[in-house]
Amino acid sequence: MARAIWTGVLTFGLVTVPVGLFTATEDHTVHFHQLQRGTADRVRNKRINERTGEDVDTKDIVKGYEVEPGEYVVVEPEELDEVAPGRSRTVDITDFVELAEIEPVYFARTYYVAPRGEQYLKVYELLRAALERTGRVGIATFVMRGRQYLTALRATERVLVLQTLHWADEVRDPSGELPELPSERVEGGKELDMAARLVETLSAPWEPARYHDTYQERVRELVRAKAEGQEVAATEEAPEATDVLDLMTALQGSIDRAGGASREKRPGREERKTERSRASAKEDRRPEGRKDDRGRTASQPGRGRAPARSDRGSSSETGHGRAAGRSDLRKLSKAELYRRAADQGVEGRSRMSRDDLVEALSRSGKGRKKAAA
């Protein structure tokens with residue numbers, strides 16, 4: 001069971017409910033220790049007096065604000081505690097605003113809010129339901145660990161979520177920070193129509209579990225491979241920037257590729273109907289053979305019985321399957337090809353080019369089919 005990182009009371013109007021904050025996210029980054037090259041000796045950071053070169057104990061460290069070069073105003077930890085705003089244990093909601101009005105750049109960290117006691121469940125649920133019905137979030141401030149936070153309290157299906165926000169003076173103005181921005185807005189035209197069509201083609205419902213941190217997966221694969229004395233292929237370089245003259249071609253190619261991938265994943269009703277029609281037409285074109293005692297033709301084997309194939313047909317079908325397999329493999333990135341090669345135990349994969357990996361995987365796939373048969 002998780003422990004609350006902060007406890008206090010949540011208020012809106014004259015209604016108060018004791019609550020606790022719980023961390024809503026966790027870090028899955030692979031963490032490394034620092035070692036001296038060629039050894040297993042850990043390297044640790046030390047607090048060193050830059051003038052004398054001597055170690056400084058933590059209790060002897062104070063905070064200093066540089067007002068002039070080499071001139072500091074020293075502030076003691078207890079002085080900072082004394083000026084902390086109110087030192088309050090209250091999240092006091094002062095306003096309710098539309099969630100859509102808050103630009104994403106303002107959001108910082110996320111916490112779950114839970115009631116502290118069964119007797120407060122009704123009040124807690126009342127606030128959650130009210131926020132859900134109105135589609136608004138509560139804006140409040142509170143103090144935690146010597147710092148005051150601006151926050152937005154919003155409702156999810158079962159729990160209240162508190163998201164810390166950046167203060168207005170912490171958010172940079174892009175027009176003053178970025179070197180280049182478009183001076184004119186695109187209002188219409190074929191390029192905009194095609195770009196919008198590409199967006200629609202790639203549109204999908206939000207499913208967080210579909211997305212993975214592939215870089216961290218590669219880091220773990222690198223660590224595992226090095227521990228086993230293996231090599232790991234480098235990933236492909238980033239693609240070159242699209243030239244303005246090739247923009248329409250790139251957009252059309254993107255739409256074609258996205259549409260093909262979408263059809264492969266989710267065949268529509270019309271496509272399934274077309275496939276059935278083709279299969280039916282193929283059956284109609286088959287020559288009638290000798291009928292057996294059940295009225296079946298020799299060219300239409302019964303259910304559960306595999307049709308006889310000549311060596312030529314089997315060879316042709318295998319070649320066609322391998323070609324189709326190569327076509328599917330060529331759609332994958334080199335990193336994905338390498339992961340599949342690693343899973344299948346393809347030897348020499350670390351020295352293979354992208355085309356070599358495609359060829360090796362297509363042969364490996366054929367071998368697995370033979371083994372299964």
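Predicted model: local features only at pLDDT ≥ 70, side-chain atom pairs only at ≥ 80, totals over all residues.
Residues are numbered from 1 along each chain as its sequence is written, and side-chain values use heavy atoms, with hydrogens and water left out.

Visitor: How many helices and strands does the protein have?
Guide: Helices (H or I, at least four residues) and strands (E, at least two) are taken as DSSP runs, numbered from the N terminus. On that basis the protein has nine strands and ten helices.

Visitor: How many residues are in the largest nonpolar core?
Guide: A nonpolar core is a set of buried Ala, Val, Leu, Ile, Met, Phe, Trp, Tyr and Cys residues joined through side-chain atoms within 4.5 Å, where buried means under 20% relative accessible area, exposed over 50%, and partly exposed in between (1.4 Å probe, protein chains only). Those with the most contacts inside the largest one include L10, V113 and F142. At least two residues each come from several elements, among them β1 (6-12), α2 (121-134) and β9 (160-165). The largest core has 20 residues.

Visitor: Which residues does V113 contact, leaving aside its neighbours within four places in sequence?
Guide: Contact means heavy atoms within 4.5 Å. With those neighbours left aside, V113 is in contact with V19, G20, L21, Y124, L153, V159, L160, V161 and L162.

Visitor: With which side chain does that of R154 make a polar contact?
Guide: R154 lies in strand β8, and because its relative accessibility is 24%, R154 counts as partly exposed. Its C-alpha atom and that of L131, 23 residues apart along the chain, are separated by 6.6 Å. A polar contact is a pair of N or O atoms within 3.5 Å; within protein, one must be able to donate a hydrogen and the other to accept it, and residues adjacent in sequence count only if both atoms are side-chain atoms. At 2.8 Å, the partner of the R154 side chain is the side chain of Q163.

Visitor: Is V62 buried or partly exposed?
Guide: V62 lies in the loop between β2 and β3 (63-68). Because its relative accessibility is 39%, V62 counts as partly exposed.

Visitor: What percentage of the 373 residues in the protein is buried?
Guide: Across the 373 residues of the protein, the share made up by buried residues is 19%.
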